Amino acid sequence: MASTETKDQSTAAAKGEDTTDATKPPAAGDIAGLEAGLDALESRVVDRQPWLRTVVSKAFPPLVAIVIVLGLWQLAYHFELKPHYLLPSPVDVGRSLQQKWLEGTLLSFVWTSVSRGALGFVASVAIGTVLGLIVAQVKAVRAAIGPILSGLQSLPSVAWVPAAIIWFGLSDATIYAVVLLGAVPSIANGLVAGVDQISPLYLRAGRTIGATGLAGVRHVLLPAALPGYIAGLKQGWAFSWRSLMAAELIVNAPDLGTGLGQLLEQGRELQDMSWVLAAILLILIVGIGIELLIFAPVERRVLRSRGLLVKS
């Protein structure tokens with residue numbers, strides 16, 4: 001019998017046929033290699049570079065863009081596309097910022113707005129996360145208020161300012177109410193979109209191992225919906241910052257302190273365009289800084305944890 005099998009295998013080998021037993025299960029090493037190969041195909045590899053080259057590659061394009069913008073601005077000032085009192089030069093705006101710095105008030109303006117924005121955003125995250133989970137999980141609630149959330153997200157935040165003033169007067173509560181109404185719908189909708197993109201296999205696996213209720217939300221639902229949730233948080237911060245500036249422009253009282261929006265309004269009242277443009281520049285710098293220092297690293301970390309961005 002053994003000689004017959006050996007003879008058959010020799011004949012198959014002579015004919016160029018595969019003599020491997022098809023019924024033999026693949027080895028564990030083969031499966032691991034296959035999984036690693038599939039992960040490598042689905043991953044976007046980022047080559048590790050020297051830190052100096054990384055800094056230059058990331059900082060050089062924005063610096064070039066800033067130089068171009070300043071150059072065009074200076075040309076517009078030089079050729080008087082607008083009178084100088086309506087369009088000051090970059091140097092004039094820089095002097096205005098320098099004056100506020102020497103007065104010792106510049107950082108207080110920035111801190112007032114940043115602290116308000118951070119507190120309003122944290123409250124918006126707490127409310128928006130709970131609301132988003134309820135809308136995503138309860139069909140009746142989604143059918144009832146899902147379209148309302150989308151409508152609130154498209155509503156300009158400044159539209160809430162008159163109502164908030166009537167409700168709360170000229171107070172911090174008015175500013176925070178506008179921030180919440182502007183940011184909560186974006187965060188909730190982002191979480192709903194993230195939950196909708198979760199594979200049903202993950203949810204069934206979670207229920208199988210006993211991850212139900214709050215445990216399922218913490219260990220299965222939120223981690224699986226994290227990319228959409230992060231996108232909602234980024235958009236929520238953008239809406240909260242814009243809502244805050246809109247509220248500070250209108251809600252102006254001596255006991256409220258002076259934020260960047262109120263600084264911008266003071267420049268308008270004094271017809272000082274250098275002051276106005278300096279305030280706009282500060283608002284822009286803070287918004288970009290929060291994005292680069294907080295949300296961009298968190299997003300990169302999430303992508304790396306999902307195998308979508310890896311270092312070689």
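## Close-up views of a predicted helical model

View 1. Beyond the residues up to four places away in sequence, S186 touches Q153, G232, Q235, G236 and F239. This serine sits in helix 8, in a model that is predicted. Is S186 buried or exposed? With a relative accessible area of 0%, S186 is buried.

**View 2. The whole chain, for orientation.** Before we zoom in again, here is the setting. The protein contains 13 helices and two strands. Of its 312 residues, 32% count as buried. Among contacts with a separation of 6 or more, 70% are between residues 24 or more positions apart.

**View 3. Helix 5 against helix 8.** Helix 5 covers residues 106-137 and helix 8 covers residues 172-196. Their axes come within 6 Å and cross at roughly 40 degrees. As for handedness, helix 5 passes helix 8 in a right-handed crossing.

**View 4. Helix 5 against helix 12.** Helix 5 also meets helix 12, which spans residues 260-269. Here the axes come within 8 Å and cross at roughly 130 degrees, which means that helix 5 is oblique to helix 12. Which residues make the contact? From helix 5 come F109, V110, S113 and R116, and from helix 12 come L260, G261, Q262 and L263. Sorted by class, the contact of helix 5 with helix 12 has four nonpolar, three polar and one charged residues.

**View 5. Helix 12 beside helix 13.** Helix 12 packs on helix 13 at an angle of about 160 degrees, with the axes 8 Å apart. Because angles over 145 degrees count as roughly antiparallel, helix 12 is roughly antiparallel to helix 13. On the helix 12 side, the residues are L260, L263, L264, Q266, G267 and R268. On the helix 13 side, they meet W275, V276, A279, I280, L282, I283 and V286. This contact of helix 12 with helix 13 divides into ten nonpolar, two polar and one charged residues. The crossing of helix 12 past helix 13 is left-handed.

**View 6. L260 and its contacts.** Leaving out residues up to four places away in sequence, L260 touches F109, V110, S113, W241, M245, E248, A279, L282, I283 and V286. Of these partners, F109, V110 and S113 belong to the helix 5 side of the contact with helix 12. A279, L282, I283 and V286 belong to the helix 13 side of its contact with helix 12.

**View 7. The largest nonpolar core.** This core has 49 residues. Which of them have the most contacts inside the core? They are F121, V195, L233, W241, L260 and L263. At least two core residues each come from helix 4 (90-103), helix 5, helix 7 (160-168), helix 8, helix 11 (226-250), helix 12 and helix 13 (273-305). Helix 13 gives the most, with ten residues. As background, nonpolar side chains tend to be buried together in soluble globular proteins.

**View 8. L222 in helix 10.** L222 lies in helix 10, residues 213-224. Its relative accessible area is 23%, so L222 is partly exposed. L222 touches L133, L191 and V217, not counting residues up to four places away in sequence. How far apart are L222 and L133 in sequence and in space? They are 89 residues apart in sequence and 9.0 Å apart from C-alpha to C-alpha.

View 9. S89 is buried, with a relative accessible area of 5%, and touches W73, Q74 and Y77, residues up to four places away in sequence aside. E80 lies in the loop between helix 3 and helix 4 too, but E80 is exposed, with a relative accessible area of 51%. Although E80 is not a glycine, its phi is positive, about 55 degrees.

**View 10. Q271 in the loop between helix 12 and helix 13.** Q271 sits in this loop. Is Q271 buried or exposed? At a relative accessible area of 64%, Q271 is exposed. Q271 has a positive phi of about 55 degrees, without being a glycine.

Terms used
Residues numbered from 1 in each chain as written. Predicted model: local features only at pLDDT ≥ 70, side-chain atom pairs only at ≥ 80, totals over all residues. Heavy atoms only, no water. Axes fitted to C-alpha atoms, helices over the stretch in contact; angles between N-to-C directions. Helix = DSSP H or I, 4+ residues; strand = E, 2+ residues; numbered from the N terminus. Left-handed = near helix turned anticlockwise from the far one by under 90°. Parallel < 35°, antiparallel > 145°, perpendicular 65-115°, else oblique. Contact = heavy atoms within 4.5 Å. Nonpolar A, V, L, I, M, F, W, Y, C, P; charged D, E, K, R; others polar. Core = buried A, V, L, I, M, F, W, Y, C linked by side-chain atoms within 4.5 Å. Buried < 20%, exposed > 50% of the residue type's maximum accessible area, 1.4 Å probe, protein only.
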